[in-house]
Amino acid sequence: MRSRLGEFVAAAEAAALRDAMDHALLRFDSCYVIAPSHNPVGPFDFGGAYDEASDRHHTTLELMERAYEDAYHQFIEPVVGASGEQIAGVSGAAPR
């Protein structure tokens, strides 16, 4: 029962995300979704998950912290940092 309910919750969340993305694309030029290609934690895995690579159990809090760090290092620093450099270059240009 738990796995079937978990599949339903995951499908409902995917449909809600798709609808939100469709709505956001009407107002923005681009929209980014930061999500891993796999989901190590199911909807009802409140206690965390076991990681075979590190051979230990990770708590949900630790998994959320690592997800935030990954998103920050892979997306926010490169995109926002590059945008800031371009803006600084334009604002520092001499007036004509």
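The model is predicted, with local features requiring pLDDT of at least 70, side-chain atom pairs counting only at pLDDT 80 or more, and totals for chains, interfaces and linings using all residues. Residues are numbered from 1 along each chain as its sequence is written, and side-chain values use heavy atoms, with hydrogens and water left out.

The protein has two helices and two strands. Helices (H or I, at least four residues) and strands (E, at least two) are DSSP runs, numbered from the N terminus. Their order from the N terminus is α-β-β-α.

Helix α1 covers residues 2-24. Its 23 residues should span 33 Å at 1.5 Å a residue, and the end C-alpha atoms lie 32 Å apart, which agrees. The expected span is 1.5 Å times one less than the number of residues. Gly6, Met21 and Ala24 are the buried residues of α1. Buried means under 20% relative accessible area, exposed over 50%, and partly exposed in between (1.4 Å probe, protein chains only).

Of the 96 residues of the protein, 9% are buried. The accessible surface is about 8300 Å², and carbon and sulfur atoms hold 60% of that surface. Areas come from the Shrake-Rupley method with a 1.4 Å probe; for residues, only the protein chains shown count as cover. Among contacts (heavy atoms within 4.5 Å) with a separation of 6 or more, 27% join residues 24 or more positions apart.

Arginine 66 sits in helix α2, residues 60-91. Arginine 66 counts as partly exposed because its relative accessibility is 43%. Leaving aside residues up to four places away in sequence, arginine 66 touches Arg56 and His58.
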